[in-house]
Amino acid sequence: MKPAQHHKRQRLSSHSVGHGCFLYSLLFFPLPFCFFAKFLSRLRRCYQSHPTFFYSHQPRSLPFQAETIKAGNKGYVAEITVVTYCQSRNESDDRSKFRILLSFGQHGRELITSELALRILSILSEEQFLPKMDRASLNSTLDNVVIKVLPMENLNGRKLVEAGDLCERRNGRGVDLNRNWSVDWGKKEKDYDPYEENPGTAAFSEPETQIMRKLAISFDPHIWVNVHSGMEALFMPYDHKNRTPDGLPSHRMRLLLEELNNVHCHNRCMIGSGGGSVGYLAHGTATDYMYDVVRVPMAFTFEIYGDDSASTKDCFKMFNPVDHTTFKRVLNDWSAAFFTIFKLGPRQLDVHSKAGVSNLDKWVSIDEYLDGYLMGRRNRYGKKLEVLEVGMQEIRTYFWLFLLSSVLLLFMFCSRISKTKGGRQIVSAIPL
């Protein structure tokens, strides 16, 4: 979430920083927002607490799998932990299930979003339970879904926040990860803020977005949700336009959002396109890419909390609850909303047709396909695929050379035919 333009981003004083960290450690222990190492420990505990917990090197017949994906360029390295939940880990059966991809913590200062990810995982692991939740009914719902959760997409940005820069939303080298995607990348509005919205040197210049793109293409989800804070809203595409998509997919998305707003957001949440609702257009966002390129039938951006009364100097309070009652309410309401998505999502879409998206509409570039393919194979087979990746890069180069040479040959052939026809004398078929 990009705040209103009068909210100038600035580094807080050491006094303010210390107060914020101390407050969360005091109120929410053992849920302190300020220490990433403890966050990882809590994340690990979520899926270790499940009686059938396992890591990826163990048999694929149990519900949880955790992996850390790393990437880097120009000396900058990023890593993203991905937790996959599937009650029946049958590789051949996964593609027939309803697939959901959830990303949290894309902006470092929005710590509450990663707390929500932990709450969702703790419920899936049966460490915690939702009020009034029928576990038998929930298990029946979860039988038919595969859920990938990224609890903290922007780890390096989170570390900067923990070091004291509570206003930081960008990654470890100053790029806004939600402006680094390829749909309408690099376009700048009149109110463009280079500090807040630095899109990077090119689309997908950042390792974090490279990882996310490969993961999305290989997983091919039916639902994507990018979770932020800064206000309360349920957004659908588009971010770079002030309108929503046309047709049945848009209608289905809106119906689901209206149900969530009524039941879980208590009609407080804004609904509509991101670009048409918040007062500014955003270019190069993840949700627009998921909808336009990956062709995810239901692509959303959720804003789960915001304090309009917070001082412009208090970014922590602006994006995160600072009292225990609000903290619990946010996590309870929004975790329940996600389990409603798990239940209602498969009912709204045909898993096999992906909402009627044709193979032509589902087309992605050869580069994106091969990136997604390699991600899927690497996740399954590990480091043995490193040599294959090099080979695939060579194949990709030869493919483009072959395509270019074919076009040139076709052009030369057509030119020769044209000259031959132009220089040929016309002979009458009627004898004189």
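Two strands count as paired if DSSP finds at least two bridges between them, and helices (H or I, at least four residues) and strands (E, at least two) are DSSP runs numbered from the N terminus. On that basis, strand β6, residues 231-236, is joined to β7 by four bridges, and the two run parallel. The structure is a predicted model, in which local features need pLDDT of at least 70 and side-chain atom pairs count only at pLDDT 80 or more, while totals for chains, interfaces and linings use all residues. Residues are numbered from 1 along each chain as its sequence is written, and side-chain values use heavy atoms, with hydrogens and water left out.

**The sheet**

- Eight strands make up an open sheet of mixed pairing, and their order is β1-β2-β4-β3-β5-β8-β6-β7.
- The edges are taken by β1 (64-73) and β7 (270-273), each of which has a single partner strand, so one side of each is left without a neighbour in the sheet.
- From one strand to the next the twist averages 20°, where axes are lines fitted to C-alpha atoms, for helices over the stretch in contact, and angles run from 0 to 180 degrees between N-to-C directions.

**Salt bridges**

- Twelve salt bridges are found in a search of the whole structure, a salt bridge being a side-chain nitrogen of Lys or Arg within 4 Å of a carboxyl oxygen of Asp or Glu.
- D220 and R99 form one of them, with their closest N and O atoms 3.8 Å apart. Because D220 lies in the loop between α7 and β5 (223-228) and R99 in strand β3 (residues 98-103), the pair ties together parts that are 121 residues apart in sequence.
- D220 has a relative accessibility of 14% and therefore counts as buried, the classes being buried under 20% relative accessible area, exposed over 50% and partly exposed in between, with a 1.4 Å probe and protein chains only. R99 is buried too, at 4%.
- D176 forms a salt bridge with R169, the closest N and O atoms being 2.4 Å apart, and D176 is also bridged to R179, where the corresponding distance is 4.0 Å.
- The relative accessible area is 0% for D176, which is buried, 1% for R169, which is buried, and 4% for R179, which is buried.
- Through shared partners, salt bridges join R109, R169, D176, R179, E196 and E197 into one network.

**Cavities**

- The structure holds three cavities of 30 Å³ or more. On a 1 Å grid over the protein atoms alone, a cavity is a set of points where a 1.4 Å probe fits but cannot get out, and lining residues have an atom within 4 Å of a point.
- The second largest cavity has a volume of about 100 Å³, a volume being the space filled by probe spheres set on the grid points, which are joined across faces, edges and corners.
- Of the 13 residues that line this second largest cavity, R179, K187, Y192, E197 and H283 are the closest to its centre.
- The lining of the second largest cavity comprises four nonpolar, two polar and seven charged residues, with Ala, Val, Leu, Ile, Met, Phe, Trp, Tyr, Cys and Pro counted as nonpolar, Asp, Glu, Lys and Arg as charged, and the others, Gly among them, as polar.

**Backbone geometry**

- Most residues other than glycine have a negative phi, and most peptide bonds are trans.
- The peptide bond from P237 to Y238 is cis, with omega near 10°, and Y238 has its place in the loop between β6 and α8 (248-263).
- E126, in the loop between α4 (111-124) and α5 (135-142), has a positive phi near 70° although E126 is a residue other than glycine, and at 35% relative accessibility E126 counts as partly exposed.
- H266, in the loop between α8 and β7, likewise has a positive phi, near 55°, in a residue other than glycine, and at 44% relative accessibility H266 counts as partly exposed.

**Helix α7**

- I217 belongs to helix α7, which covers residues 207-219, and at 16% relative accessibility I217 counts as buried.
- I217 and V293 are 76 residues apart along the chain, and their C-alpha atoms are separated by 9.2 Å.

Notes. On a 1 Å grid over the protein atoms alone, a cavity is a set of points where a 1.4 Å probe fits but cannot get out, and a pocket is an open set with protein on both sides within 12 Å along at least five of seven lines; lining residues have an atom within 4 Å of a point.
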